[in-house]
Amino acid sequence: FPFQRIYYNQDYQQTRVKSLFFNQNSDMNFIGSISKTADNNNTDVWMMLATFHGTPLWSKAIGTTANDDIKGLRRMNDGNYILAGTTQYQSKYDAPWLDKIDANGNAIWSIKLSGINGSLTQLAELDNGDIAAVGLLYLKFKGDDKGNIEDVYQTCNFIMRVDKDDKLLWQRSFFHSDKDRLSKVQQLTDGNLLCFG
């Protein structure tokens, strides 16, 4: 191994790396999540920039004042990142959430879908810079008083499209059987979207 590093975040119970990207300077952007502790009672998305040899340059938590979790992410052609996942901001249970941040972890925009519960699991950048995101909506589930979902009985497929400036263009859900979830989306050469799960 050219190098090996162990990273941790003080006052957080657990740090999970979900992906890493190299930028133009060959520095590494780590993106993942940091979990609850007694002092910080919510879960956030976490981002860290390190040199090519793994020396940390900065580290920060990204998200709302409620529980946030990242399920999918994409580095866009403009060098920014789109995070897809869930948030409990102004919602008792998980709600679908998209967040756009720059390469330094600064927020550009955020979209939380109100009035529904579910999760976004993956996304794709389209030819014109729009973003398509897929996941699932919870139709029937059991949750506790703390916002934890204990069991999910019925879900449906979900897809949405937003432009690069955070305008929601459309959203669709469709149901086939007891538990449905879309896990991937990509654009075809004819411009249509292929999604599966």
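The legends below describe close-up views of a predicted model.

**View A. Four strands lie side by side in an open sheet.** The strands of this sheet follow the order E5-E6-E7-E8, and their pairing is antiparallel. Strand E5 (68–75) and strand E8 (107–112) are found at the edges, where each has a single partner strand, so one side of each remains without a neighbour in the sheet. From one strand to the next, the twist averages 20 degrees.

**View B. Strand E7 pairs with strand E8.** Strand E7, which covers residues 95–101, is joined to E8 in the antiparallel sense over five bridges. Within this part of the sheet, Ile101 can be found opposite Ala107, a residue of E8.

**View C. Strands E11 and E12 form a hairpin.** Five residues lie between the two strands, and in the turn Asp166 has a positive phi of about 85 degrees.

**View D. Cys156 and Cys195 are each in no disulfide.** A disulfide is a covalent bond between the sulfur atoms of two cysteines. Counting one here requires a pair of cysteine sulfur atoms within 2.5 Å, and by this rule the count comes to zero disulfides. For Cys156, the nearest cysteine sulfur is that of Cys195, 13 Å away, and for Cys195 the nearest is, in turn, that of Cys156. Cys156 is buried, with a relative accessible area of 4%, whereas Cys195 counts as partly exposed at 26% relative accessibility.

Note on methods
Residues are numbered from 1 along each chain as its sequence is written. This is a predicted model: local features need pLDDT of at least 70, side-chain atom pairs count only at pLDDT 80 or more; totals for chains, interfaces and linings use all residues. Side-chain values use heavy atoms; hydrogens and water are left out. Two strands pair if DSSP finds at least two bridges between them. Axes are lines fitted to C-alpha atoms, for helices over the stretch in contact, and angles run from 0 to 180 degrees between N-to-C directions. Buried means under 20% relative accessible area, exposed over 50%, partly exposed in between (1.4 Å probe, protein chains only).
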